[in-house]
Amino acid sequence: MPSKKLSVLIVEDEPAIAETLIYALESEGYQVAHVGTGAEAIEHVETHVPHFVVLDIGLPDITGFEVCREIRKTAEVPILFLTAREGEIDRVVGLEIGGDDYVVKPFSPRELTARIQAILRRTQRKLPSRENSEGETILSGRLSLLLDRYEARLDDKNLDLARYEFGMLKVFLAHPGRVYTRDQLMELVWDEPDSASDRTVDAHIKTLRKKIHEVDESFEPIRTHRGIGYSFHAEV
Ligand code: CA
């Protein structure tokens, strides 16, 4: 149960699915609003600013992707896509335009509420900025980052990371599951992104994996997306 009432907007044009979602989320203690079109969704987010949006991709007026793009212009609200189409393309497109996760129909209400809770946990524990990072620790599954010490631990063992390896891990832990392109990693992690190349990123991923494997050979939290980039998964 969420500790205070969080508001969720459901954007779904199929009444049966919408009803299931409303029931599941209200049972979990969320305050639920529902609309059936993209235009209504955009208007609702502007006026009500919900804590969370569950967004169907196939809507009668505009696509969920377009709705997401519009919402992202003004709000940081986490977005979970609902899709009827399976496949990596949906996923990558969805996440690149600013979605936080997706669920493929048909799904169980329990799976959906669990995903929402996971997203809310990680978005409410946003990465602290450099200025106030003193003493902060980021935890994700078996990994912990002690920001003020630039120290990363797997279980209780120090991974002894170099600066950019640590930087990448910090970016990954902020958004588990999100696929980062090499360009994005360069921009986010390197002091002078122009001096880095795809190979630089790959080389650092390689040494990062190696250091993780020195602690646990079978732990593979970093996934390669061929031709795209990398993502991090705490539970593997
Ligand atoms: Ca639909």
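C68 is placed in helix α3, which spans residues 64-74, helices (H or I, at least four residues) and strands (E, at least two) being DSSP runs numbered from the N terminus. At 0% relative accessibility, C68 counts as buried, a term that means under 20% relative accessible area, with exposed meaning over 50% and partly exposed the range in between (1.4 Å probe, protein chains only). The C-alpha atoms of C68 and V53, which stand 15 residues apart along the chain, are separated by 9.4 Å.

The model is predicted, so that local features need pLDDT of at least 70 and side-chain atom pairs count only at pLDDT 80 or more, whereas totals for chains, interfaces and linings use all residues. Residues are numbered from 1 along each chain as its sequence is written, and side-chain values use heavy atoms, with hydrogens and water left out.

The chain contains eight helices and twelve strands, and 49% of its 236 residues count as buried. Among contacts (heavy atoms within 4.5 Å) between residues at least 6 apart in sequence, 54% join residues at least 24 apart.

The largest nonpolar core has 29 residues, of which L169 and F172 touch the most other members; such a core is a set of buried Ala, Val, Leu, Ile, Met, Phe, Trp, Tyr and Cys residues joined through side-chain atoms within 4.5 Å. At least two residues of this core are supplied by each of β7 (143-146), β8 (151-154), α6 (163-174), α7 (182-189), α8 (198-215) and β12 (229-232), and the largest share, six residues, comes from α6. When neighbours within four places in sequence are left aside, F172 is in contact with Y180, L185, I205, I222, Y230, S231 and F232. A second, separate core of 19 residues includes L9, V11, L59 and F81.

Two of the helix pairs were examined by their axes, which are lines fitted to C-alpha atoms over the stretch in contact, with angles running from 0 to 180 degrees between N-to-C directions. Helices α6 and α8 pack at an angle of about 85°, with their axes 9 Å apart, and are therefore roughly perpendicular to each other; angles of 65 to 115 degrees fall in this class, those under 35 count as roughly parallel, those over 145 as roughly antiparallel and the rest as oblique. Y164, E165, M168, L169 and F172 of α6 make this contact with V201, H204, I205, T207, L208 and K211 of α8. By class, the contact of α6 with α8 has seven nonpolar, two polar and two charged residues, where Ala, Val, Leu, Ile, Met, Phe, Trp, Tyr, Cys and Pro count as nonpolar, Asp, Glu, Lys and Arg as charged, and the others, Gly among them, as polar.

The axes of α7 and α8 come within 9 Å and cross at roughly 80°, and these helices are therefore roughly perpendicular to each other. Here R182, D183, L185 and M186 in α7 meet D198, V201 and D202 in α8, and the residues of this contact divide into three nonpolar, no polar and four charged.

The calcium ion is coordinated by D13 (OD), E14 (OE), D56 (OD) and G58 (O), at 2.2 to 3.1 Å. Donors are N, O and S atoms within 2.8 Å of the metal (3.2 Å for Na, K and Ca), and the site may look incomplete because water is not among the atoms. Along the chain, the donors follow the spacing D-E-x41-D-x1-G. D56 is buried, with a relative accessible area of 2%, whereas G58 is partly exposed, with a relative accessible area of 46%.

Most residues other than glycine have a negative phi, and most peptide bonds are trans. V49, in the loop between α2 (38-48) and β3 (52-56), has a positive phi of about 45° although it is not a glycine, and V49 counts as exposed at 53% relative accessibility. D160, found in the loop between β9 (157-158) and α6, has a positive phi near 55° and, at 59% relative accessibility, also counts as exposed. A cis peptide bond with omega of about -5° joins K105 and P106, and P106 lies in the loop between β5 (101-104) and α5 (109-123).

H44 lies in helix α2 and counts as buried at 15% relative accessibility. Apart from neighbours within four places in sequence, H44 is in contact with L9, A33, V49 and P50.
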